[in-house]
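Dear colleague,

Please find below the structure for your review. My notes on it follow directly after.

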Amino acid sequence: MDYLNKYKEWLSFDEETKNELIGITDDKELEDRFYKDLAFGTGGLRGIMGAGTNRMNKYTVAKATKGLAAYLKANNEGEISVAIACDSRLNSMDFLWYAARIFASEGIKVYAYYKIVPVPVLSFTVRELKCTAGVMITASHNPKEYNGYKVYDSTGCQLCTEDAKAALSYIDNIKDYKTIFDGVESSENYIKQNMIISIYEKELDKFVNAVKKQSLYTENSDLKIVYTPLHGTGLVPVTKVLENMDVTVLDAQMEPDGNFPTVKSPNPEDRAALTLGIEKAKDIGADIVLGTDPDCDRVGIAVKDADDYVLFTGNQTGALLVKFICEMKKTELNEKSMLVKTIVTSELGANIGRNYGLKVDETLTGFKFIGDKMNKYEKDGREFVIGYEESYGYLVGNHARDKDAVVSSMLICQMAAYYKNKGMSLKNALDEIYKEYGYYLDYLDSFVLKGKDGSEKIQKLMVTFREKGNTLLDGIKEIIDFKDGILDLPKENVLKYIFNDGSWMAVRPSGTEPKIKVYYSVKDNSKENAQARLDTIRKVMGGIINDC
């Protein structure tokens, strides 16, 4: 019952926290708020907002910041500086200033964005200003109840496994939440002392210029685009990089709003999030609908197909981008040109890259691992061409070390213009790829398992899947278990099943939400056969998970 002791301690905090907690009558809710501390996952700290050690609030943000400050001071000499930014989520700007004040109180100079900006802007800024580290307050595409805290190193890459563990050890050493703000001055005082420096216009313009350098196709086209920032940070930078194209911004979703009032979830992976954009596209006869998530590091598209619009998966868009980039750069590619994808990303884009002479590198889920590969290439002379993951995150260029929906939006629209000038839609272009490389059907099942009980069930399921081995499904050729580390990859709780025909399936607990995820990639000569096979595999997996 240790969670009850933590609950009682938090009742002695400020009045707002106390009032929130005493209004909770559900013991399971209290247990979920206090049974553990937020931990670094795939995307740093991320959780539901509210009072409690397992929630995002000013105390957990301050604790993370104070621990991170101690970590930075222990591992760096001379002046230490941090760039910090946030997205449009509820409380994001408040969390930013709590963190900025804590850093300043620890003698660390802060470059703080006073307006919301995308994740890739923060990554770029860390590099541009030569900061020691960076912090982004965001929960990416999660539902509105969530917020998060991403930490970046001096290269603009999110902290990878070992560095994250080291930083977390310093954070865990902070035990007293109640006194965490003692001695911390106001933001105004730190600004006067030049310990907090407000930034925005100059740095954002530099980022946009860096993105424009990745431009590949500028021929005139009558391509019509509908763009929605889904109430997030993308409006300013995305419209700047598309300024020479015919873009209609969706008014209903243009303004930043952490309540995301027009969508259930601001996730461009979901058709529902792009519904209003598709309706607008039908009204004006647009060729493509473009939607970026709240922190503008992911982008989803819907493409005109006869009288309707078809949503592309992250794998499909990634494959198209690989082909487009290789076509545009084919005279520049050489034996040191690299494509990086994650272990749960389809082989389709990788096979296209190989066909053009790209070398393919594979890494764990999470764009920080792609950023880490980029840093290694910079040292050994290899050339990063493109990195992407199935979850709608892409990066082209070395201006950032995180996925970037701004550069992706620019290149997707240029790609659509390129094909339209050839009398083709992106759907036609994708069909041509399938004719050449075979049909790939990719799908993701996410099973939500909340609270302590859910966490325990997820761990139990991973044990069950390991025990079943190749008896789980027919035709399994190989099982790759990443828990002990594979090649140069860190240890990760992931299982990947390879089938005889090259199809595969992977199972992993989510690093950002209370979910267990099952990824499927079925390769076949026809869509119908692939769908039938996928349906069979999903039925088996769903049965095991629901019965456990």
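In which loop is the place of His-231? In this predicted model, His-231 sits in the loop between strand S7 (224–228) and helix H10 (235–241). Its phi is near 65°, a positive value in a residue other than glycine. Most residues other than glycine have a negative phi. With a relative accessibility of 3%, His-231 counts as buried, because the limit for that class is under 20%.

A positive phi also occurs at Asn-194, which is not a glycine; the value there is about 65°. Asn-194 belongs to the loop between helix H8 (187–192) and strand S6 (196–199). The relative accessible area of Asn-194 is 41%, so this residue is partly exposed.

Two further residues deserve a note. Asn-267 is located in the loop between strand S8 (246–249) and helix H11 (275–284), and at 10% relative accessibility it counts as buried. Neighbours within four places in sequence left aside, Asn-267 is in contact with His-141, Leu-230 and Ala-273. Asn-267 and Tyr-392 are separated by 125 residues in sequence, while their C-alpha atoms are 9.9 Å apart in space. Glu-162, by contrast, lies in helix H7 (residues 161–172) and counts as exposed, with 57% relative accessibility. From Glu-162 to Ser-409 there are 247 residues in sequence and 32 Å in space, C-alpha to C-alpha.

I turn now to the sheets. Three bridges connect strand S14 (residues 383–389) with S15 in the antiparallel sense, and Tyr-388 stands opposite Tyr-394 in S15.

Another open sheet has five strands in the order S16-S20-S19-S18-S17, and its pairing is antiparallel. Strand S16 (439–448) and strand S17 (476–481) form the edges, each pairing on one side only. Strand S19 (residues 504–509) and strand S20 (residues 515–524) run antiparallel and are joined by six bridges; the bridge partner of Val-507 is Val-518 in S20. Helix H18 (residues 527–547) packs on this sheet, where it touches S16, strand S18 (495–499), S19 and S20. Between the directions of H18 and S20 the angle is about 155°.

Regarding helix packing, two packed helices are described by the angle between their axes and the distance between the axes. For helix H12 (residues 314–329) and helix H15 (residues 405–420), the angle is about 70° and the axes are 10 Å apart. H12 is therefore roughly perpendicular to H15. On the H12 side, the residues that meet H15 are Thr-317, Leu-320, Leu-321, Lys-323, Phe-324, Glu-327 and Met-328. Their counterparts in H15 are Leu-411, Ile-412, Gln-414, Met-415, Tyr-418 and Tyr-419. By class, this contact of H12 with H15 comprises nine nonpolar, two polar and two charged residues.

Finally, the nonpolar cores. In soluble globular proteins, nonpolar side chains tend to be buried together. The largest nonpolar core in this model has 107 residues. The residues with the most contacts inside this core are Leu-290, Leu-426, Phe-465, Leu-472, Met-505, Ile-516 and Met-541. H15 gives the most to this core, contributing 12 residues. Met-541 is in contact with Phe-465, Leu-472, Met-505, Val-507, Val-518 and Tyr-520, its neighbours within four places in sequence being left aside. A second, separate core has 55 residues, among them Ala-62, Ala-100, Ile-108 and Ala-167.

With kind regards

Definitions and conventions:
Residues numbered from 1 in each chain as written. Predicted model: local features only at pLDDT ≥ 70, side-chain atom pairs only at ≥ 80, totals over all residues. Heavy atoms only, no water. Pairing = 2+ DSSP bridges. Helix = DSSP H or I, 4+ residues; strand = E, 2+ residues; numbered from the N terminus. Axes fitted to C-alpha atoms, helices over the stretch in contact; angles between N-to-C directions. Parallel < 35°, antiparallel > 145°, perpendicular 65-115°, else oblique. Contact = heavy atoms within 4.5 Å. Nonpolar A, V, L, I, M, F, W, Y, C, P; charged D, E, K, R; others polar. Core = buried A, V, L, I, M, F, W, Y, C linked by side-chain atoms within 4.5 Å. Buried < 20%, exposed > 50% of the residue type's maximum accessible area, 1.4 Å probe, protein only.
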